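Open the model in your viewer and keep the selection tool at hand. This tour goes from stop to stop, saying what to select and what is there.

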Amino acid sequence: MVQTDRIKVVAIVGCTAVGKSDTAIRLARKFDGELVGADSMQIYRGFDIGTGKLTESECAGIVHHMIDIVDGDADFSVGEYVRHAKQAISDIHSRGKLPIIVGGTGLYVNSLLGGCDFGCSPKDENIRLSLKALSHFFGRGAIHAILECVDCESANKIAPRDVKRAIRALEIFAVGGRPKSRAVSRSNPYDYLAIVLDLPRDLLYARINARVKKMFDDGLIDETKQLMPYKNCCSMQALGYKQIAQDPTAPRDVIEPLVAQKTRNYAKRQVTYFKNMQLEKTTVDARDFESVSALVEKFLED
């Protein structure tokens, strides 16, 4: 998406274990860039092994924004992500460097590059807590049914199981008197190049299995036990943490295959999301760095 009066941004996205971080770091080295995370779980401090955060040596001196920005009990919204990410992008651009978005949370990427402006969306903690209580007693279907009545457009975009987003949409309606679909404006300050990395399914699944094994080797079970104070928080819904927290006494040979299976299922959903994402995008084999690099070089020259 080329518009010469706007900040140029490159986005490297795709499913878990496809190789996004490695590709983004190589691009950052070549084109003098800094990374802006787009991962809904890497924002939490202390959730390191299970979210696949890069170590200091793996970052190889490349600055990485939007990592470890909130504690595990924070209720972090898409709107907050967009605001923080925009600030990071502006800072990177002001220093003459290339902002490179990297991550697998499609909703974050779509909202940021699609130009969603949540700045005027109202908040009310008491209303949010009341809606959470309603969901607890009557089920998440009740929340979605209410949303269908007041904001059908938003309801059509939010899965019935996604209680958090449905509650947020109802909160916006209750406080501001306007449906979220009309309260959230769109204004895109970026020229973006969105590259979706892909791999053959068998290779991707092999990588996922290897990654999950390494996480357990690195101490995922112990890390999860240290994070148990957050058991009822959104942060503990991350794959691996959730399964271990549900039964901390389960042996590794039982829980590891379950986490690997859940991760493969999640990757499949990510592939579908990015395939259908309503942004201009180019899909490239994750092993073909030269093609990715050539796309970025052409984008920056235009």
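**Stop 1**

Select Arg-45 and Asp-71: their side chains meet in a salt bridge, 2.8 Å from N to O. A salt bridge here is a side-chain nitrogen of Lys or Arg within 4 Å of a carboxyl oxygen of Asp or Glu. The pair links distant parts of the chain, 26 residues apart: Arg-45 is in the loop between β2 and α2, and Asp-71 is in the loop between β3 (64-65) and α3. Helices (H or I, at least four residues) and strands (E, at least two) are DSSP runs, numbered from the N terminus. Arg-45 is partly exposed at 38% relative accessibility, and Asp-71 is partly exposed at 39%. Buried means under 20% relative accessible area, exposed over 50%, and partly exposed in between (1.4 Å probe, protein chains only).

Two notes before moving on. This is a predicted model, in which local features need pLDDT of at least 70 and side-chain atom pairs count only at pLDDT 80 or more, while totals for chains, interfaces and linings use all residues. Residues are numbered from 1 along each chain as its sequence is written, and side-chain values use heavy atoms, with hydrogens and water left out.

**Stop 2**

How many salt bridges does the structure hold? There are 19. Side chains of opposite charge can pair when their charged atoms come close.

Select Glu-34 and Arg-95. Their closest N and O atoms are 2.7 Å apart, in a salt bridge. Glu-34 lies in strand β2 and Arg-95 in the loop between α3 and β4 (98-103), so this pair ties together parts that are 61 residues apart in sequence. Glu-34 is buried at 5% relative accessibility. Arg-95 is partly exposed at 39%.

Next, take Arg-252 and Glu-256. This salt bridge has its closest N and O atoms 2.7 Å apart. Both residues lie in helix α13, 4 residues apart, about one turn of the helix. Arg-252 is partly exposed, with a relative accessible area of 31%, whereas Glu-256 counts as buried at 17%.

Now select Asp-75, Arg-128, Lys-132, Lys-164, Arg-168 and Glu-171. Salt bridges that share partners join these residues into one network.

Stay with Glu-256 for a moment. Helix α13 spans residues 252-276. Which residues touch Glu-256, leaving aside its neighbours within four places in sequence? They are Val-212, Lys-213 and Phe-216. Contact means heavy atoms within 4.5 Å.

**Stop 3: a buried charge without a salt bridge**

Go to Glu-223, in helix α11 (residues 220-226). Glu-223 is buried yet has no salt bridge. The nearest side chain of opposite charge is Lys-53, 7.5 Å away. Lys and Arg count as positive and Asp and Glu as negative; His and the chain ends are not counted. Setting aside neighbours within four places in sequence, Glu-223 is in contact with Gly-46, Phe-47, Asp-48, Ile-49, Gly-50 and Tyr-241.

**Stop 4: aromatic rings**

The whole structure has 5 aromatic pairs. Rings of Phe, Tyr and Trp (its six-membered ring) pair if their centres lie within 6.5 Å; planes under 30 degrees apart count as stacked, over 60 as edge-to-face and the rest as tilted. Phe-47 and Tyr-241 have ring centres 5.0 Å apart and planes at 70°, so the pair is edge-to-face. Phe-47 lies in the loop between β2 (33-37) and α2 (56-59) and Tyr-241 in helix α12 (residues 241-246), so the pair ties together parts 194 residues apart in sequence. Phe-47 is buried at 1% relative accessibility, and Tyr-241 is buried at 0%.

Then select Tyr-81 and Tyr-108. Their rings are stacked, 4.1 Å centre to centre with 10° between the planes. Tyr-81 is in helix α3 (residues 78-94) and Tyr-108 in helix α4 (residues 106-113), 27 residues apart. Both tyrosines, Tyr-81 and Tyr-108, are buried.

**Stop 5: charges over rings**

Select Lys-8 with Phe-299. Lys-8 lies over the face of Phe-299, at 4.2 Å from the ring centre. Arg-26 lies over the face of Phe-289, at 3.9 Å from the ring centre. A charge sits over a ring if NZ of Lys or CZ of Arg is within 6 Å of the ring centre and within 35 degrees of the ring normal.
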